[in-house]
There are 4 protein chains.
Amino acid sequence: MDKNRFAMTPPMGWNSYDYYDTTVNEEQVKANADYMAAHLKQYGWEYIVVDIQWYAYGAGSMRDKHQYIPFSKLEMDEYGRLLPCPERFPSAADGAGFKPLADYIHGLGLKFGIHIMRGIPRAAAQNHLPVLGSSQTADEVANPSSICGWNPDMYGLRKDMEGSQAYYDSLLALYAQWGVDYIKCDDICNTSIYRENQYSAAHEIEMLHKAIEKCGRSIVLSLSPGPALIEKAWHYEKYANMWRITDDFWDKWELLLNMFYRCELWQNHVTQGCYPDCDMLPLGWLGKGFGEERQTNFTKEEQVTMMTLWCIFRSPLMLGAEMPKLDEWTLSLLTNERVLALMGSEYHGVQVERDGVHAVWASRKNGEDAVYAALFNFNDEEKEVGVKTEDVYAAVSAEVPDLDQELVMEELWTGEVQQSRGSVISSVVKAHGAKLFCIRRA
Amino acid sequence: MDKNRFAMTPPMGWNSYDYYDTTVNEEQVKANADYMAAHLKQYGWEYIVVDIQWYAYGAGSMRDKHQYIPFSKLEMDEYGRLLPCPERFPSAADGAGFKPLADYIHGLGLKFGIHIMRGIPRAAAQNHLPVLGSSQTADEVANPSSICGWNPDMYGLRKDMEGSQAYYDSLLALYAQWGVDYIKCDDICNTSIYRENQYSAAHEIEMLHKAIEKCGRSIVLSLSPGPALIEKAWHYEKYANMWRITDDFWDKWELLLNMFYRCELWQNHVTQGCYPDCDMLPLGWLGKGFGEERQTNFTKEEQVTMMTLWCIFRSPLMLGAEMPKLDEWTLSLLTNERVLALMGSEYHGVQVERDGVHAVWASRKNGEDAVYAALFNFNDEEKEVGVKTEDVYAAVSAEVPDLDQELVMEELWTGEVQQSRGSVISSVVKAHGAKLFCIRRA
Amino acid sequence: MDKNRFAMTPPMGWNSYDYYDTTVNEEQVKANADYMAAHLKQYGWEYIVVDIQWYAYGAGSMRDKHQYIPFSKLEMDEYGRLLPCPERFPSAADGAGFKPLADYIHGLGLKFGIHIMRGIPRAAAQNHLPVLGSSQTADEVANPSSICGWNPDMYGLRKDMEGSQAYYDSLLALYAQWGVDYIKCDDICNTSIYRENQYSAAHEIEMLHKAIEKCGRSIVLSLSPGPALIEKAWHYEKYANMWRITDDFWDKWELLLNMFYRCELWQNHVTQGCYPDCDMLPLGWLGKGFGEERQTNFTKEEQVTMMTLWCIFRSPLMLGAEMPKLDEWTLSLLTNERVLALMGSEYHGVQVERDGVHAVWASRKNGEDAVYAALFNFNDEEKEVGVKTEDVYAAVSAEVPDLDQELVMEELWTGEVQQSRGSVISSVVKAHGAKLFCIRRA
Amino acid sequence: MDKNRFAMTPPMGWNSYDYYDTTVNEEQVKANADYMAAHLKQYGWEYIVVDIQWYAYGAGSMRDKHQYIPFSKLEMDEYGRLLPCPERFPSAADGAGFKPLADYIHGLGLKFGIHIMRGIPRAAAQNHLPVLGSSQTADEVANPSSICGWNPDMYGLRKDMEGSQAYYDSLLALYAQWGVDYIKCDDICNTSIYRENQYSAAHEIEMLHKAIEKCGRSIVLSLSPGPALIEKAWHYEKYANMWRITDDFWDKWELLLNMFYRCELWQNHVTQGCYPDCDMLPLGWLGKGFGEERQTNFTKEEQVTMMTLWCIFRSPLMLGAEMPKLDEWTLSLLTNERVLALMGSEYHGVQVERDGVHAVWASRKNGEDAVYAALFNFNDEEKEVGVKTEDVYAAVSAEVPDLDQELVMEELWTGEVQQSRGSVISSVVKAHGAKLFCIRRA
């Protein structure tokens with residue numbers, strides 16, 4: 001199996017976290033899957049991902065004090081493997097696990113993903129549970145010094161221990177049997193509690209990779225949370241399909257602005273099967289499970305900026321919105337085929353320039369004439385954003401046009417066309433907004 | 001209660017760790033106490049301290065793999081308070097705790113100390129045990145993100161939570177009832193697993209201090225492990241009696257050499273009731289519990305260096321040796337009254353100078369004429385070590401003698417006397433050795 | 001000479017920087033000295049300090065671009081020693097240096113101080129000037145890798161080089177001949193450009209100390225800029241009289257608030273001859289040389305807070321105001337004898353408690369009954385600030401009064417008297433303000 | 001101009017530093033060029049690079065004290081541009097500069113390179129020299145706070161200042177006129193003196209890149225010293241051709257061992273025109289200018305290891321040896337065409353695995369069947385080094401052969417051929433040595 005063939009282009013899908021936090025249930029997952037199948041599938045959206053603590057009883061019930069209730073009851077089998085909480089996922093009862101839900105989603109022509117925390121449940125270690133396929137027990141494979149800084153459920157697994165690999169193998173065998181297509185593993189991309197070794201779970205990434213290979217199913221491996229460590233780029237590229245390049249991303253302008261720095265940093269690391277991940281898209285309705293249901297705080301211009309950057313950079317696209325509540329405008333943002341085309345495997349996006357008030361990115365498909373240029377305005381007011389034509393073409397290694405040659409610039413969000421000539425590509429861009437041009441010789 | 005009156009001079013005693021690791025038992029403690037009462041008490045030695053995991057079953061039984069067996073059985077009462085393991089401390093059975101042993105030690109005219117890990121047992125949290133004197137339970141007061149990097153027994157206690165203070169109050173009430181005189185609390189002086197906040201348990205120090213005040217017994221509070229954080233000196237000074245200024249100290253020359261840096265750093269922080277702690281003295285027979293029983297690796301000269309530094313700096317003196325096996329020479333090192341006198345409350349030791357090959361310290365008793373000077377030779381061969389007379393006297397704010405005045409220098413370890421005149425105090429010192437002079441005008 | 005006897009209490013004086021930046025001239029210095037002699041001397045204020053670049057031609061003339069003009073003309077003698085620029089200090093002409101000005105100030109019964117940058121002028125090194133009293137030349141003693149991050153005038157001096165000490169000796173001989181009483185040496189307390197070795201000029205501190213001893217004049221040595229390194233406290237204490245515990249302090253509330261953290265850190269390091277320094281008092285008229293003459297931005301309450309903290313902590317007091325423009329109210333702030341008394345050598349101030357909204361400090365004179373308590377309100381609105389009576393008395397090691405004993409609390413800024421009884425000392429304090437009580441048993 | 005076409009494969013050449021330090025002269029450069037033309041040119045070796053301080057009088061004359069004599073005489077034109085010291089480069093007299101030497105080297109069919117320090121001479125700034133093509137002067141464009149930590153000659157140039165770009169333009173115009181083909185710019189890849197901003201000269205890299213584009217000559221830009229910052233990989237890739245991924249590399253096994261870590265880190269950053277640089281090859285005779293002429297300390301096995309790693313990683317190859325003294329064996333190491341072929345533009349080398357005792361790298365040419373595998377033995381004794389066949393093929397995205405298919409393995413240094421079958425590729429490798437196999441299906 002070649003993990004770089006599990007996802008030929010950046011995965012596109014939906015994730016339950018931004019709207020539901022820890023609380024999503026089966027019915028809600030299905031409703032979102034139904035919506036995707038009906039409205040988004042045809043544009044390439046395909047993953048339905050159930051995020052954190054689907055195994056926890058009472059998840060979200062003490063939200064004012066704890067996002068994750070310490071030492072609370074978790075649904076678990078006799079081998080220390082977490083199972084869906086049947087109170088929220090009724091079809092999982094009687095050991096069925098996520099298989100019925102996965103079947104439902106597959107029936108819609110979509111793919112099914114789940115979130116996991118790295119490691120083994122603390123309760124399994126305390127109770128000395130057996131590990132399936134190993135003579136070692138949970139207390140032996142659990143590393144009592146390896147915890148997550150923000151979630152109390154698990155211990156990390158020890159390195160170079162047969163039982164550790166066996167535990168992950170047992171997990172993936174179960175997930176493959178359920179029909180899982182995508183795993184978002186958390187507390188593994190950056191184990192930030194350990195400041196001097198933020199990559200302390202590198203061996204667990206390798207074990208997960210091996211367990212996927214052994215399970216025989218092409219399961220995409222997505223690593224969280226960020227920021228991923230640039231000095232480990234080669235390791236992510238070798239063992240995983242996606243890795244978060246930022247801590248949790250939300251609908252705040254400063255975070256979006258900061259993403260330009262992160263994309264600059266990772267721009268030369270986007271290849272087939274290897275996707276630096278800008279995190280979920282906080283669009284539409286959000287925050288219900290957090291006790292503050294709201295529409296995204298981003299302005300429309302900021303939303304255009306986000307989608308333009310994610311697409312030209314070729315980040316995975318994971319929608320955070322409650323899909324059944326999507327409005328027309330937001331839906332149009334997610335279904336612009338000309339823009340989504342930049343996610344294609346033969347495109348490579350690069351930053352042309354960036355400073356405190358603007359950025360310019362360019363992209364091109366190998367062997368094609370057309371050049372794509374995105375102009376971003378970071379100012380709090382409308383401004384003209386310009387860049388040397390030469391620099392755009394050079395950035396994507398395209399032949400620079402003669403300065404007196406006319407260029408046709410088509411803006412891909414609005415369809416507006418403008419002519420351009422001379423040494424500068426420029427346009428007026430709204431506050432915090434973006435324009436994305438397809439440029440051709442006239 | 002004024003904690004600065006609990007120990008008017010640096011505590012002197014014995015600690016079970018260097019010889020027994022986690023395995024010491026009642027009989028062994030008594031044998032050491034008997035020896036101290038017979039041979040050392042008269043020189044000021046008085047504390048008998050039982051170090052780590054006196055509550056653990058099977059402690060030391062998997063020594064090749066684990067110093068502390070993860071998730072193993074701990075003796076614990078119904079309020080999550082750890083009790084002496086009755087297999088090793090028979091007199092503790094039936095809820096007697098350490099009281100019988102403390103009584104025995106008090107009967108010898110000595111004092112009794114115990115080691116604790118900060119926090120509450122992980123098992124108590126997992127099992128939702130009640131906290132005595134509080135409506136909160138262990139799972140509520142335990143902080144699942146606050147662990148020790150090297151011992152798996154406990155969780156730290158949450159800040160600003162009534163039940164956390166109640167738990168420590170319940171501990172100290174029990175210890176006071178047992179007759180404990182000294183607590184060495186571990187994983188608290190430097191919580192080094194948290195690199196960006198190595199003082200993450202500051203609130204637990206304050207809670208322990210309050211619990212001691214409430215318990216009504218003058219219990220010395222000793223904090224481990226080091227290195228203590230110099231920027232928190234004021235906080236240690238406010239709430240504790242001793243704090244380790246080094247990570248575990250053993251019988252290696254590099255560690256001893258390094259201690260000169262540490263004493264330099266802390267020299268102006270030694271005051272009544274406040275003692276920066278250079279850690280146990282690895283003298284005599286050591287290491288049995290570690291599976292490598294041996295005599296100290298220090299040469300005799302290095303042992304003299306260590307004792308000279310600890311005494312002139314006024315560190316607590318905690319003997320790591322198995323006392324019943326002490327030889328005559330080592331015993332003489334521990335019972336030199338002229339040297340031990342420098343530990344007195346009116347002395348203040350300061351570094352005069354230090355470089356890669358030597359150091360000089362000086363001390364003086366307020367109001368007295370005699371000046372003490374320690375010459376240390378860091379070279380691997382015998383060398384003459386010299387220092388300007390003027391600098392020694394200035395360092396202890398004493399009036400500098402005339403250069404042509406004769407000085408009488410008495411070496412306190414050997415009793416040798418030499419005359420000196422002129423601007424330099426100097427003597428030939430053996431490799432890694434020290435000379436400690438009492439200097440008076442002739 | 002014992003440097004700890006050069007200043008028996010924290011120095012009090014005036015510094016030209018806050019008002020004049022680099023531009024102060026002889027006439028202006030004299031005008032300020034005259035004012036001090038007439039209005040402040042009787043309260044203990046005595047130092048007149050000429051701050052940075054008194055040797056530079058054209059200082060301040062390119063203020064929009066450079067605070068210190070790179071590679072500009074400096075007045076210098078044939079041994080690379082900087083001299084007062086005669087355009088601004090006419091009496092310094094013909095080699096008189098600062099002697100005439102120092103004489104004038106001494107004639108008023110005051111003391112005279114100057115600012116210097118550590119090291120030797122870059123121009124002296126480039127031109128291979130001789131060093132007085134040494135066969136080495138400036139290019140040999142200058143360390144081309146040791147510069148100041150913010151001032152381009154000097155190179156640091158090499159370690160362990162005879163000519164380096166000779167250069168400092170030649171400086172101090174000159175200054176002693178001029179009659180200098182106080183040196184504020186800059187770029188030496190924290191050489192922050194060298195992040196991994198912010199104490200890279202430790203040897204220059206030692207050389208300055210030696211040069212002062214050799215020159216035979218009791219010249220106070222003040223080190224800048226901060227923040228001083230707490231792990232070098234012992235070194236400052238051994239070689240200097242004052243050291244800045246903060247970067248430049250200005251009239252901004254956040255900086256004042258931050259000083260409470262700094263005083264907490266350094267509280268146990270204030271002893272005779274050793275003064276952690278909170279920096280100049282930005283009161284009255286400020287900023288003229290910076291091109292923005294203004295009155296202090298501090299509210300009156302904030303000014304009271306500052307004076308209370310500086311005095312109870314026992315920081316040196318260096319006035320930044322243009323003294324001839326002082327108003328009555330500000331003058332009263334500087335001449336409150338009851339408050340200034342806390343600067344006395346037998347007082348020791350300590351923090352009792354501090355959090356995000358308030359702080360309490362206490363002080364006491366050895367052997368006296370009266371206890372001083374300062375209550376600080378960090379809120380943006382008036383609030384009641386309270387503290388346990390017991391904690392205040394314990395902090396200064398005073399016997400705690402009976403809870404039913406009546407206490408008389410006299411507020412030292414207003415003279416108001418209130419009675420208190422019971423376990424709490426408390427008072428309503430204005431936003432960002434302070435109250436300073438002298439508390440006695442009724 | 002597209003800088004990625006300046007060097008289609010990693011540059012190969014000779015550098016004067018390892019043998020001559022700062023002292024190389026014209027005759028010596030020519031002798032080395034003659035040798036290269038006669039013996040190495042045909043294998044792709046082509047650059048002759050004159051390293052540091054070709055402009056300094058007396059370079060090397062105080063080698064016991066200074067590698068670079070501070071404030072010494074530098075040959076410089078009226079615009080502050082450094083010129084070859086005519087005492088060592090006689091043909092440079094009368095303003096001819098390096099043109100005659102470059103002509104000579106070009107005449108041999110080779111290319112000519114020089115070393116520069118970033119910035120402008122300190123002497124030019126102190127003397128306010130004009131900048132060619134600008135109204136600004138050296139004192140205005142020099143940044144007095146931007147120095148090199150180990151060489152005292154220069155100041156960095158200010159950012160966003162017209163005269164700074166003009167100065168670099170004037171340099172490159174001169175170098176282009178001389179016929180320079182390669183610039184090794186120092187103190188720019190990692191300005192390590194500034195620990196918090198080790199990329200403080202990023203703007204100078206951009207200015208040099210622009211100046212090269214303006215000068216119209218395809219001058220390769222090589223950046224030193226390392227370690228290059230992995231988080232700036234995108235920036236090096238955009239503006240430079242080579243960047244040092246290590247601090248100075250010498251003939252010590254620990255440094256060679258460490259290079260495996262560095263190559264692991266940078267393996268996915270080797271593309272046409274972009275070459276992470278492992279530094280010079282310390283082979284043959286070395287160290288004369290350092291006062292310790294010697295043959296390389298590397299064993300023959302270590303030399304094979306070095307060459308194998310440099311080639312499979314595709315580092316530039318810059319020979320440090322005095323070429324006229326090369327022995328047969330070393331020459332054979334440099335002229336193995338089968339090994340050097342791995343430097344070709346269609347090869348990509350990757351690490352397959354690495355631990356404390358061994359490493360395996362693999363490479364393959366796009367579209368070809370043959371797979372290359374390098375087995376490295378880090379042990380101090382001969383050992384068998386093995387790797388899963390599957391892992392080697394997967395690492396270079398080649399189809400994994402059937403386990404029962406026979407493979408023919410040809411070792412490229414010795415020509416030995418071995419058959420292999422099954423799941424493991426393995427061979428006995430000498431201590432610190434390497435074997436490099438070309439593997440084909442039988």
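Start by selecting chain A: buried residues account for 54% of its 442 residues. Keep in mind that this is a predicted model. The mean pLDDT of chain A is 96, with 100% of its residues at 70 or more. For the complex, the predictor gives an ipTM of 0.92 and a pTM of 0.92.

Now switch to a cartoon view. Chain A shows 13 helices and 21 strands. Its radius of gyration is 23 Å, close to the 22 Å that the globule rule gives for 442 residues, so chain A is as compact as a globular protein of that length. Of the contacts in chain A between residues at least 6 apart in sequence, 71% join residues at least 24 apart.

For an example, select helix α2 (residues 26–39) of chain A and pick out Met36(A). Is Met36(A) buried or exposed? Met36(A) counts as buried because it has 25 C-beta neighbours inside 10 Å. Leaving aside residues up to four places away in sequence, Met36(A) touches Trp14(A), Lys41(A), Trp45(A), Ile48(A), Leu110(A) and Met323(A).

Finally, show chains C and D together. Their contact involves 14 residues from chain D and 14 residues from chain C. On the chain D side, helix α4 (residues 122–126) supplies the largest share, three residues. Colour that side by class and you will find seven nonpolar, four polar and three charged residues.

Definitions and conventions: Residues numbered from 1 in each chain as written. Chains lettered and ligands numbered in written order. Predicted model: local features only at pLDDT ≥ 70, side-chain atom pairs only at ≥ 80, totals over all residues. Contact = placed C-beta atoms within 7 Å. Helix = DSSP H or I, 4+ residues; strand = E, 2+ residues; numbered from the N terminus. Nonpolar A, V, L, I, M, F, W, Y, C, P; charged D, E, K, R; others polar. Buried ≥ 20, exposed ≤ 12 C-beta atoms within 10 Å, placed from the backbone. pLDDT = per-residue confidence, 0-100. Rg over C-alpha atoms; globule rule 2.2 N^0.38 Å.
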